[in-house]
Amino acid sequence: NFWHNKITMITPAGTVSDYIVGGGLSNPYGMVFDPTGALLVTNVGNRKVLKYSADKTYTQPVPAPNGEPYFMLPDGTGYLLSTSQGLYRYNAAWQAETLLSGLYWSLARTPDGRVLVGNASDTLYVLQQNTTQTRLDKTIIAATNWLLVDSNTDTSNHIDLAMRLIGLGSAKKYYADTAMVTTLQIKMEQI
């Protein structure tokens, strides 16, 4: 219930009850269950995605989604998230990849697996999977994760340290406007 900050449950018999009231909710908009049965809820009011466990406690798995989050869809081991700023793919570690910029209100998957995206102009698009870009993104994510581990470089070798800083700086450009930028900046300052 968007205006009353609650999630309502309707049983197969048609019984309606409040499932979650308050509990971090601020204009809940979209919901999806993860593979463990936890409920992910997008909150437009506080620009957060919250993850509720069976006991209704919650965490915030997405550090800071860009814009107001609307809908989520499972996508491989991660999720697609439509927001007021664009469409993003989050991997299992909740690292974001920008797929589209702009206001995208709706998100749906067809029975044949295609992803449909609706924008603010009431136009519906079919999301084309760019396998070359996906492979490149996976490579950049793997390289960034490698650069973040201190034991992967010789800290007594100034050339290794300089190359690591260059790599981290390039990763910062790739992760612009995501929470990963803060992690990369902290690591660069430590070096």
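This is a predicted model: local features need pLDDT of at least 70, side-chain atom pairs count only at pLDDT 80 or more; totals for chains, interfaces and linings use all residues.
## Overall build

The protein chain holds three helices and 13 strands. Its C-alpha trace spans about 70 × 35 × 25 Å along the principal axes. The chain has 191 residues, and 36% of them count as buried.

Take the contacts in the chain with a separation of 6 or more: 31% of these come from residues 24 or more positions apart. The accessible surface is about 10,800 Å². Carbon and sulfur atoms hold 57% of that surface.

## Thr42

Thr42 sits in strand β4, which runs over residues 39–43. Its relative accessible area is 0%. Thr42 therefore counts as buried, since the cut-off is under 20%.

Two polar contacts of the Thr42 side chain go to backbone atoms. One reaches the backbone nitrogen of Gly30 at 2.7 Å. The other pairs a polar atom of the Thr42 side chain with the backbone oxygen of Tyr70, at 2.5 Å.

Which residues surround Thr42, leaving out those up to four places away in sequence? Asn27, Pro28, Tyr29 and Gly30 are among them.

The structure holds eight salt bridges. One of them joins Lys6 and Asp18, with the closest N and O atoms 3.2 Å apart. This pair links distant parts of the chain: Lys6 belongs to strand β1 (residues 6–10) and Asp18 to strand β2 (residues 16–21). The two residues are twelve residues apart.

Asp18 has a relative accessibility of 43% and counts as partly exposed.

## Salt bridges at Asp150

Asp150 takes part in a salt bridge with Arg164, where the closest N and O atoms are 2.8 Å apart. Arg164 is in helix α2 (residues 158–174), while Asp150 is in the loop between α1 (131–147) and α2. The partners are 14 residues apart, and the pair links distant parts of the chain.

Asp150 also forms a salt bridge with Lys187, with the closest N and O atoms 3.0 Å apart. Lys187 lies in helix α3 (residues 180–190) and Asp150 in the loop between α1 and α2, so this pair ties together parts 37 residues apart in sequence.

Asp150 is partly exposed, at 41%.

## A salt-bridge network

Which residues are linked in a network of salt bridges? The members are Asp75, Arg89, Glu97 and Arg109.

Technical notes. Residues are numbered from 1 along each chain as its sequence is written. Side-chain values use heavy atoms; hydrogens and water are left out. Helices (H or I, at least four residues) and strands (E, at least two) are DSSP runs, numbered from the N terminus. Buried means under 20% relative accessible area, exposed over 50%, partly exposed in between (1.4 Å probe, protein chains only). Contact means heavy atoms within 4.5 Å. Accessible areas come from the Shrake-Rupley method with a 1.4 Å probe; for residues, only the protein chains shown count as cover. A polar contact is a pair of N or O atoms within 3.5 Å; within protein, one must be able to donate a hydrogen and the other to accept it, and residues adjacent in sequence count only if both atoms are side-chain atoms. A salt bridge is a side-chain nitrogen of Lys or Arg within 4 Å of a carboxyl oxygen of Asp or Glu.
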